Amino acid sequence: LMAGIVVVLTILFGMLFLGIDRKIAARFQARIGPPIVQPFRDFIKLLAKQAIIPENAVKWLFSFAPILAVAASLLLVLYLPFLDMKPVLGGYGDIIVVLYLLLVPGIAMVVGGLASSSKYATIGAQRKMVTMMSYELPLATLVIAMVWRLSHVFPGEAAFSFSTFANFPIINNVGIIGVIGLMFLFIAIIITICGELIKTPFDAPEADTELAEGLLVEYSGRNLALFILSDAAKLVAFVTLIIALFFPYTLSSIIDLGMFNIIGNAIFFILKFFIIAFVGLSFERVAFARLKIDQVARFFWVYSLGISLIGLLLIVIDT
């Protein structure tokens with residue numbers, strides 16, 4: 001029952017913020033923008049339309065890819081402390097499991113693009129693979145840095161658990177140099193949000209003006225609706241991961257609201273979520289122009305990885 005509630009809330013929350021993001025981006029560009037509920041309208045409209053499958057596509061793989069993407073994205077949230085609640089599957093996985101699951105929706109998009117037999121989707125799939133290989137190393141580096149630091153206090157598997165991060169926030173276990181290192185790690189992970197969601201400036205795999213949506217060019221109807229749902233769920237999962245690692249504080253740990261602690265914690269989580277998603281998604285995709293695929297790879301391998309390594313080095317020095 002709890003898993004079902006979390007899944008429904010994830011879908012509603014993710015789709016709602018996608019609408020808010022589009023409205024914010026429009027305001028930045030002096031446009032009115034679509035209604036906040038537009039993603040819900042698009043999703044319902046697509047569900048009512050026929051899913052067209054290309055004649056030369058690998059049909060079963062083409063249709064299975066969006067199902068795999070949305071299933072993995074929703075499963076991700078069950079391993080994370082969404083709304084500052086205890087993870088539904090908290091006893092069955094840890095940070096390593098989450099990092100592996102983060103790869104699955106992207107791999108599903110690549111498989112679906114290649115299975116479509118479209119030359120545009122094939123190019124998009126190649127670009128997506130390059131992008132994934134580029135940002136995974138900085139992401140893994142910063143997670144290793146944080147787990148390594150906590151392992152000095154909690155040796156063994158406990159350092160990989162989200163409950164450890166929640167009960168003993170890492171910022172409380174480092175000094176001034178370590179705090180500066182955490183700031184570098186936070187910068188490295190927040191700029192990865194647009195890469196995970198294929199948004200500007202890292203939207204080379206889709207590149208509307210070049211590849212006409214690239215990976216998703218042949219998708220329509222229910223299949224396209226599932227990919228939109230996957231994006232919404234993955235946004236919630238990734239931002240929740242950032243909150244769990246860097247800002248696991250709950251409102252009840254600061255102010256005791258008695259019987260309203262659960263509601264207060266949920267509202268506090270939504271505030272943290274909005275701030276991080278605004279900076280890492282809405283502001284970033286409006287402030288910067290699209291990068292070419294070689295620039296995307298260079299950015300993550302040089303700048304993002306460099307920032308992560310600096311953070312790791314400062315945390316090591318702080319030990």
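Residues are numbered from 1 along each chain as its sequence is written, and side-chain values use heavy atoms, with hydrogens and water left out. Because the model is predicted, local features need pLDDT of at least 70 and side-chain atom pairs count only at pLDDT 80 or more, whereas totals for chains, interfaces and linings use all residues.

**View A. Arginine 285 and aspartate 21 form a salt bridge.** The structure holds six salt bridges (a side-chain nitrogen of Lys or Arg within 4 Å of a carboxyl oxygen of Asp or Glu), and in this one the closest N and O atoms are 3.0 Å apart. The pair joins distant parts of the chain, with arginine 285 in helix 11 (residues 261-287) and aspartate 21 in helix 1 (residues 2-28), 264 residues apart; helices are DSSP runs of H or I with at least four residues, numbered from the N terminus. Aspartate 21 is buried at a relative accessible area of 3%, while arginine 285 is partly exposed at 22% (buried means under 20% relative accessible area, exposed over 50% and partly exposed in between, with a 1.4 Å probe and protein chains only).

**View B. Lysine 272 of helix 11 pairs with aspartate 84.** The closest N and O atoms of this salt bridge lie 3.4 Å apart. Aspartate 84 sits in the loop between helix 3 (59-78) and helix 4 (95-115), 188 residues from lysine 272, and both residues are buried.

**View C. Aspartate 203 and arginine 290 meet in a salt bridge through their side chains.** The N to O distance is 3.1 Å. Aspartate 203 belongs to the loop between helix 8 (193-196) and helix 9 (208-211), and arginine 290 to the loop between helix 11 and helix 12 (293-318), so that the pair links parts of the chain 87 residues apart. Aspartate 203 is buried, with a relative accessible area of 9%, and arginine 290 is partly exposed, with 29%.

**View D. Helix 10 (residues 221-246) packs against helix 11.** The axes, which are lines fitted to C-alpha atoms over the stretch in contact, lie 10 Å apart at an angle of about 105°, on a scale from 0 to 180 degrees between N-to-C directions. Helix 10 is therefore roughly perpendicular to helix 11 (65 to 115 degrees).

Methods: Helices (H or I, at least four residues) and strands (E, at least two) are DSSP runs, numbered from the N terminus. Angles under 35 degrees count as roughly parallel, over 145 as roughly antiparallel, 65 to 115 as roughly perpendicular and the rest as oblique.
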